[in-house]
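Please prepare a briefing on the fold and architecture of the structure shown below.

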Amino acid sequence: MNGIFIMPEFDVIRSDARCTVCRVCERQCANGVHAFLEEKGLMVSDETKCVNCQRCVSFCPTHALKIVENPNRLRENANWDRDTIREIYKQANSGGVLLSSMGNPKPLPVYWDKILINASQVTNPPIDPLREPMETRVFLGKKPEKVSRGADGALITTLPPQIELSMPVLFSAMSYGSISYNAHAALAEAAARLGILYNTGEGGLHEDFYPYGSNTIVQVASGRFGVHEKYLETGAAIEIKMGQGAKPGIGGHLPGPKIVGDVSRTRMIPEGTDAISPAPHHDIYSIEDLRQLVYSLKEATRYKKPVIVKVAAVHNIAAIASGVARSGADIIAIDGFRGGTGAAPTRIRDNVGIPIELALAAVDQRLRDEGIRGNVSLIVGGSVRSAADVVKALALGADACYVATAALLALGCHLCRTCQSGKCNWGIATQEPALVKRLNPAQGSERLVNLMNAWRHEIMELMGGMGINSVEALRGNRLMLRGVGLTQKELEILGISHAGE
Amino acid sequence: MKPKEGQVRIPSGCAIAAVIARDGERMSGEGMIRAMEPMHDRSNGLGGGFAGYGIYPAYKDFYALHLFFDSRDTRKTCEAFLKTGFEIWHAERIPTRKIPAITDEPIIWRYFVAPLQSVLADLQLDEKEFVVRTVMEINTRMKGAYVFSSGKNMGTFKAVGFPEDVGVYYRLEEYAGYSWTAHGRYPTNTPGWWGGAHPFSLLDYSVVHNGEISSYDANRRYIEMFGYQCTLQTDTEVITYMMDYLLRRQGLTLNETAGVIAAPFWETIDRKTDLKDKEKHLYLRTVFPGLLITGPFSIVLGFEGGLMALNDRLKLRSMVVGEKGDRVYIASEEAAIRRIEPDADNIWSPAGGEPVVIRVKEGAQI
Amino acid sequence: MKQIDAKELDFRTLNERLRQATDDIEILNCCGQRFIGAGLSDRKILIRGTPGNALGAYLNGASLTVGGNVQDAVGDTMNAGKITVHGNIGDAAGYAMRGGTILVKGNAGYRAGIHMKAYQDKVPQMVIGGRAGSFLGEYQAGGVIVVLGLGEKQSRIVGNFPCTGMHGGKMFLRAACEDIAFPQQVTARRATDEDLREIQNILLEFCAVFSYDIAAILDAPFTVITPDTSNPYRQMYVVN
């Protein structure tokens, strides 16, 4: 053996008493964990291949399976923990850069969980959202600085292009290629039914989804895959992707083996060729160049589409956002460091960027200080997990939230964080036809609609509790928030008081 | 409350332009104003400025100090301080013109001064070093006073606004210089006051710059070892001090200085066949690692009798050079040159890291 | 052909007039106006003066001709059409272009043809008559880049680091290229007659447009550069 043996991360526990050897687990596992041992008439497992996606557990008709953490332990060491040692073995064996998927799993602070929401008592009344009007509609886009009137004194009511949402949530960018056709179909259908938008990511727009154009944000990333005149014309808005929370400062790379069939056609690159997105847009090396790209897109679409600029939350985010707001962008999207990804170098995902809560608070405040908050709308993402997170984000100052991981969970994702393998047993992060068809787009969109309708009701309940009956009155209403267990500095950045104050 | 430039770091993008007459002929500042017009979209109205060389022939032996003051009292205090080290030969308000596009103006004065020989002897300092220390002293310790120009027979003029308006505000058409640089700024935040506009200058060195460098704090912390204090947190400020340090204090040539701040990649050095040149670059990179600048920049350095243009080694910013007769033009975009000299010939883009040095011809009167 | 005097026009006004016009257009006194022809799919536009950045961005079939030099980001994300430049071009020309042709009589700045790609019948072509700056064809994923170095005395007709990250397409340099360091993942070899036949049509067009003699152009060694793999970074990662 040349390489160091790396013990499996999980143990597959099979109850022989319950197992009927129906071999469902074997058929369901694309990783090849389960096998039938003919001579003994038994099912056996190869734990080295298990990613703990829970597919077999979910489908075992007799509930005979459990995936548990491998009880085999290295000697305890508070400094050299298990993952650190495993990573070193992997790199020593391969010489490779460590590659991970989905959001940062490290135990870093989640500020949403240290913020509490207010409710009305006595001095003003809460509102019952089930029986009284409760508005969640939002318009995203640049607001004119001054009203203007025509010669007849009537208001001139032409607005810069806006996006209308029935609730302050959008599905954030996931490219066709990183996720499957069926996943995209489910997102597009759900967005249309919900009156919100989904986002193509940088993989182009499959021709089947052009009819969903008015519910689609088309993305322009540094690789410019699938970007052409009709693509830009079709979307309700155009998003320039400068960065992503899971991997700020680096580009993307969809390996050649995933560039097959329709993915190749949609990206407009040959099958089997790596789809490399450079780290920067090579026409943007400075803030004034961003203005150039924003306006080139506006010129190409005749000023009919709002332009979103998506950036990762990094140290200097307030200044960056302020610069973006002056670049002609209509909407700024900020992606926090816990945002998900189909693949990112582990070291980048786990060490680069800042939490979205702090980034949002700093950006909203800076734009107000500069008097340019009305120039842009603000979308935030990067692990918005619930309706409560949405309400907290809005109260901190966001206009709307980008949601992706929660949407994937609704489609059946079990967060095994192995998207990069392309063998997603849930039919989401894969292009293998046999796996893709496991995700039924109709059922998937149904669950997405359920999830968002539930969130919308919860948002309304929370707003009603505060005596607020329109999201406009929630946006930036930081008095509705209090911190618990936060330092003075953290409270200062969030612009909120401590509970009890 | 909005922080002032210096309390926060404000990344900026920009437009730059410059012109020099190799025969020393004086040009009005108006040309530079017009050159900035076609590059309007590279600025956002939050900073513009100019530097002119050869503009104070009547006072050419004196250091021309340009200062911003926040109040009359600050000015009085500062003047008293200046008198302890300098003979003030002439002092006046810098003439400006009220225009709607330029607001929130500070009190702007200029002083033509000569260091007192007795003070220099006491401190055992040469003249230039004494001027530098005085500038640092005022800019770091005297609240409300700020020296934004300190060279001989040259001056920097800057404000918050579009460069075209800043030029009109300072009545630059009334000045005549043998070389000019200009800058339009695109800061991400409002700078809060005028000191953050560019050019940035120290003694007769002035720098206009486009881009946000990624090595800023490594450079700043290095240069601050030598008595410089970066009060503005801007790239241009630190680059100016680096220039002063390498050119004046270390005595490097312009080409050697370029070899430090925009050093060739090791791979490029390794492949050099001219062994002397290879050795030189190896030496410079090894001696001054803290002064390598990474990230995008295009700069024009103005100095007595010349200009140097330089791009970062990856050439991440655009910059073109054009000529017409004895005039040489430099700008972020060719359109800027064409605006003032439609028939410019020999227009070219210098490669990354390769300095372009243009000097006034020997014997020409500057 | 209709004329538009661009003097005193900002880019938005100029481009709106271009979109509204139905004829071919000649623009006079152009000085720095950006995005000329952005996304246009028909019409011929002749430009006198110096157009601004992002000339012909997302160009979709129109034909743009410039009498002199152009600035940065010409033909950005171009899909189809033609851009002919009788002078030099700035940096990042043809960034991510997927189709169409860029013909340049003079020199190119840095990063010409960066991330140029091809798809099915869409094979973008860029011919640079003079020399090209550093990082020529960075991330090239498809299409053809030709650098002729006409009128160059020095043998190095490209700057440093050509073909960095190249993983598709072809590059032709009219030089022996012995002194140029190419990255490991590409192969540079002397072009054969068969190779040159691939670029014969575009060279004939170049010669017709700029009045060169094809025989004189072909009377020099050509180097052809191709990537060894379309998956250059396959071995770089390990699953974690």
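Chain A contains 16 helices and 21 strands, where helices (H or I, at least four residues) and strands (E, at least two) are DSSP runs numbered from the N terminus. The radius of gyration of chain A, 24 Å, is close to the 23 Å given by the globule rule for 501 residues, so chain A is as compact as a globular protein of that length; the radius is taken over C-alpha atoms, and the rule is 2.2 Å times the number of residues to the power 0.38. This is a predicted model, in which local features need pLDDT of at least 70 and side-chain atom pairs count only at pLDDT 80 or more, while totals for chains, interfaces and linings use all residues. Residues are numbered from 1 along each chain as its sequence is written, and chains are lettered from A and ligands numbered from 1 in the order in which they are written.

**Chain A overall**
- Along the principal axes, the C-alpha atoms of chain A fill a box of roughly 90 × 60 × 45 Å.
- Of its 501 residues, 55% count as buried (20 or more other C-beta atoms within 10 Å of the residue's own, with C-beta atoms placed from the backbone).

- Three strands form an open sheet of mixed pairing, in the order β17(A)-β5(A)-β12(C); two strands pair if DSSP finds at least two bridges between them.
- β17 (344–345) of chain A and β12 (237–239) of chain C stand at the edges, each with a single partner strand, so one side of each is left without a neighbour in the sheet.
- Strand β5 (residues 97–100) of chain A is joined to β17(A) by two bridges and runs antiparallel to it; Ser100(A) has Ala344(A) as its bridge partner there.

Methods
Buried ≥ 20, exposed ≤ 12 C-beta atoms within 10 Å, placed from the backbone.
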